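This report goes through selected features of one protein chain, one topic at a time. Please keep the sequence and the 3D view open while reading.

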Amino acid sequence: MNLFLDACVIIGYLIDADPQHKVVSNFIKKHAVNLESNVTTCKAVVDEVDKISRRIRRDLKKNKRLSNDDITNIMKSIKRYLTKIIEIIDYSYEQLHKQWERDLYESLKDDIKFDLEEEPTYYANMSDIEIFSNFVMWSIKHNPVPEKPVFLTADSKDYDKTDNEGNSIILNSVKDCFNKAGVSLKNPLELVILKDKNNIKWYN
């Protein structure tokens with residue numbers, strides 16, 4: 001698997017006290033996954049990790065659950081992971097230089113938002129849509145092209161949306177968008193949602 005990590009997975013992997021730590025650890029053990037190599041994310045996720053980690057640091061200091069040294073070590077591990085381990089890409093609109101790529105990126109965001117919001121009372125999270133669109137562009141533009149691109153998240157609220165047949169709405173949106181644009185996916189995309197240790201949703 002060529003894993004593209006969402007912010008909640010990175011935080012859950014690195015911080016034992018995080019609520020997602022158990023489900024991330026369970027996934028790693030069950031599927032023999034190594035999050036220390038061949039892992040990718042995007043700049044938008046890094047910005048989100050920075051924001052979340054600052055909040056966690058404040059909460060840990062306030063609750064005095066850990067010593068200051070322990071908290072400092074956690075922050076160092078996050079910095080090490082983001083600067084030394086995970087590959088960070090940025091295929092957002094401003095970083096795309098060909099017009100067809102920019103058009104495709106914008107169409108992806110628009111189509112995903114439209115399809116997700118067909119569910120009554122649901123309002124799509126544009127930050128998540130931009131992150132997933134980066135994942136999609138990475139799957140076709142990166143060198144080398146990922147052989148098995150997998151988006152790994154623990155955010156079921158925004159990603160676990162299915163049609164009446166149980167298919168992932170967001171993946172269907174991507175396929176429809178590419179078909180309209182006359183562009184081929186290099187390899188099939190997969191979406192893995194870690195809901196809890198006994199409930200992992202795997203869409204393709």
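Is Lys43 buried, exposed or partly exposed? Lys43 counts as partly exposed, because its relative accessibility is 42%, where buried means under 20% relative accessible area, exposed over 50%, and partly exposed in between (1.4 Å probe, protein chains only).

## Basis of the model

The model is predicted: local features need pLDDT of at least 70, side-chain atom pairs count only at pLDDT 80 or more, and totals for chains, interfaces and linings use all residues. Residues are numbered from 1 along each chain as its sequence is written, and side-chain values use heavy atoms, with hydrogens and water left out.

Helices (H or I, at least four residues) and strands (E, at least two) are DSSP runs, numbered from the N terminus. Accessible areas come from the Shrake-Rupley method with a 1.4 Å probe, and for residues only the protein chains shown count as cover.

Lys43 forms a salt bridge with Asp47, with 3.2 Å between the closest N and O atoms. A salt bridge here is a side-chain nitrogen of Lys or Arg within 4 Å of a carboxyl oxygen of Asp or Glu; by this rule the count comes to ten salt bridges. Lys43 and Asp47 are both in helix H3, four residues apart, which is about one turn of the helix. Asp47 is partly exposed because its relative accessibility is 40%.

A patch of positive charge on the surface gathers Lys51, Arg54, Arg55, Arg57, Arg58 and Lys61. Patches are made of residues with over 30% relative accessible area and no salt bridge; like charges are joined within 9 Å, and nonpolar side chains (Val, Leu, Ile, Met, Phe, Trp, Tyr) within 5 Å. Lys and Arg count as positive and Asp and Glu as negative, while His and the chain ends are not counted. The place of a charge is taken as NZ of Lys, CZ of Arg, CG of Asp or CD of Glu. Arg55 lies in helix H3, which covers residues 43–63, and is partly exposed because its relative accessible area is 42%.

## The salt-bridge network at Asp160

Asp160, Lys195 and Lys201 are linked in a network of salt bridges. The side chains of Asp160 and Lys195 meet at 2.9 Å, N to O. This pair links distant parts of the chain, 35 residues apart: Asp160 is in the loop between helix H7 (156–159) and helix H8 (169–181), and Lys195 is in strand S5 (residues 190–196).

The other salt bridge joins the side chains of Asp160 and Lys201 at 3.4 Å, N to O. Here too the pair links distant parts of the chain, with Lys201 in strand S6 (residues 199–203), 41 residues from Asp160. Asp160 counts as buried because its relative accessibility is 15%. Lys195 is partly exposed because its relative accessible area is 33%, and Lys201 is partly exposed because its relative accessibility is 27%.

Strand S1 (residues 2–5) pairs with S2 in the parallel sense over two bridges, where two strands pair if DSSP finds at least two bridges between them. S2 also pairs with strand S3 (residues 87–89) in the parallel sense, over three bridges. Thr40 in S2 stands opposite Phe4 and opposite Glu87 in S3. Leu82, in helix H4 (residues 68–85), is buried because its relative accessibility is 10%. The C-alpha atoms of Leu82 and Thr41 are separated by 9.3 Å, although these residues are 41 apart along the chain.

## Backbone exceptions

Most residues other than glycine have a negative phi, and most peptide bonds are trans. Ala32 is not a glycine but has a positive phi of about 50 degrees. Ala32 sits in the loop between helix H2 (21–30) and S2 and is exposed because its relative accessible area is 70%. Asn38, in the loop between H2 and S2, has a positive phi of about 55 degrees and is not a glycine either.

Which peptide bond is cis, with omega near 5 degrees? That bond runs from Asn143 to Pro144. Pro144 is in the loop between helix H6 (126–141) and strand S4 (149–153).
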